[in-house]
Amino acid sequence: MKRTAIIIAIVCLSVLFMFSLFGCQRKESSGKEEKGGNTADNSSVTAGTQTYRGFSVDNVYHSENNGDIHFNLYLPESYDGSKPYALYIYLCGYGGYYFQGVGINLRQENFVYEAQKYNSEMIIVAPQLNDWGNTSANQAIALTEYFLSAYNIDENKVYMNGYSGGGETLSLVVEKKPELYTAVLHVASVWDGALQPLAESRTPVYFVIGESDEYYGSSRISATYRQLCELYKAQGLTEEQINDLAVLDVKTAEYFNGGNQHGGAGKVAFDENIMGWLFKSLIRRRKNEKINHFGIYDDIVIMYVGRLHEQSKCK
């Protein structure tokens with residue numbers, strides 16, 4: 001009898017152990033969804049409850065290291081995770097920050113809507129950050145990395161665009177993690193970040209600003225461009241190669257029809273030459289598999305098709 005009781009106890013303990021084991025496994029996987037080889041941790045994001053022009057508004061990514069990050073999201077209806085999509089992240093200017101109104105960046109700037117015309121298979125993220133410094137830069141990077149891990153993203157088609165204060169944030173993002181981005185567009189702003197990481201990564205950048213921008217002027221970003229050219233020259237790149245990696249486009253008053261140049265730079269969203277440079281024209285070719293200390297491939301050749309403005313040529 002005693003022996004029978006011992007056997008029953010062992011069986012019961014074994015059953016309890018198995019239930020506990022499988023129960024833990026179900027709990028660990030309950031917050032995740034498979035998306036084309038990527039694992040989306042849905043428990044780390046609170047989905048927005050409103051929509052505006054195809055965007056879900058005020059989603060929140062709960063970053064362990066960078067706090068709550070508010071963002072608006074355009075996810076094409078065709079996306080099902082079965083194939084990689086492009087990713088475009090737009091950093092708005094002052095007036096579109098979270099503390100200035102939920103979703104207000106979707107109502108005052110047009111970059112995210114015009115971008116849809118260049119690639120129907122592109123996920124668009126419009127963060128609402130709260131400054132143009134390191135905090136926002138770290139949050140923008142964290143959000144980029146979240147999407148790269150949670151969605152099936154083509155890592156050769158990851159674009160970032162910053163306008164005004166968003167351009168300042170972009171410059172700090174590219175200082176910290178240039179290897180994340182295929183190309184970046186810097187509109188009506190100045191460069192706060194270090195240039196060396198950008199030069200080492202050879203991430204293509206297009207600077208565009210009004211000649212008499214009322215807020216920043218054009219002299220500082222022109223100086224930034226010249227410094228970047230010198231860094232590329234020190235690497236032994238030819239003028240043609242440098243012109244493929246860095247473009248300076250200083251617009252005259254005629255571009256703005258004589259109006260405000262800083263606020264008027266929002267018309268860049270409708271400029272097919274500039275937006276086309278970002279989304280359609282770049283071809284990234286890896287010549288070898290040697291990885292440098294920035295974690296990207298050495299000897300990347302960047303080519304684009306389209307007319308360069310004479311003032312953008314590195315001299």
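Entry 1. I started at Lys 117, which is exposed, with a relative accessible area of 63%. I keep in mind that this is a predicted model. I then looked for a charged partner and found Glu 114, which forms a salt bridge with Lys 117. The closest N and O atoms of this pair are 3.0 Å apart. Glu 114 has a relative accessible area of 13%. Because the cut-off for buried is under 20%, I logged Glu 114 as buried.

Entry 2. How many salt bridges does a search of the whole structure find? I noted five. One of them joins Lys 83 and Glu 121, with 2.7 Å between the closest N and O atoms. I placed both residues on the chain and found that the pair links distant parts of it, 38 residues apart. Lys 83 sits in the loop between strand E6 (67-74) and strand E7 (85-91). Glu 121 sits in the loop between helix H3 (111-114) and strand E8 (122-128). I also looked up accessibility for the two ends. Lys 83 comes to 39% relative accessibility and counts as partly exposed. Glu 121 comes to 28% and also counts as partly exposed.

Entry 3. I went on to Asp 249, which forms a salt bridge with Lys 251. Their closest N and O atoms lie 3.1 Å apart. Are Asp 249 and Lys 251 buried or exposed? I have both down as buried.

Entry 4. I turned to helix H9, residues 272-279. Why do I call H9 largely enclosed by the rest of the structure? Six of its eight residues are buried, so the description holds. The buried residues in H9 are Ile 274, Met 275, Gly 276, Trp 277, Leu 278 and Phe 279. I then checked the N-terminal end of H9 and found Asp 271 capping it. A side-chain oxygen of Asp 271 lies 3.0 Å from the backbone nitrogen of Asn 273.

Entry 5. I recorded nine helices and 14 strands as its secondary structure. The protein has 315 residues, and buried residues make up 50% of them. For contacts with a separation of 6 or more, I noted that 64% come from residues 24 or more positions apart. The accessible surface comes to about 15400 Å². Carbon and sulfur atoms account for 51% of that surface.

Terms used:
Residues numbered from 1 in each chain as written. Predicted model: local features only at pLDDT ≥ 70, side-chain atom pairs only at ≥ 80, totals over all residues. Heavy atoms only, no water. Salt bridge = Lys/Arg side-chain N within 4 Å of Asp/Glu carboxyl O. Helix = DSSP H or I, 4+ residues; strand = E, 2+ residues; numbered from the N terminus. Buried < 20%, exposed > 50% of the residue type's maximum accessible area, 1.4 Å probe, protein only. Polar contact = N/O pair within 3.5 Å; in protein donor to acceptor, adjacent residues only side chain to side chain. Contact = heavy atoms within 4.5 Å. Areas by Shrake-Rupley, 256 points an atom, 1.4 Å probe, with all protein chains shown as cover.
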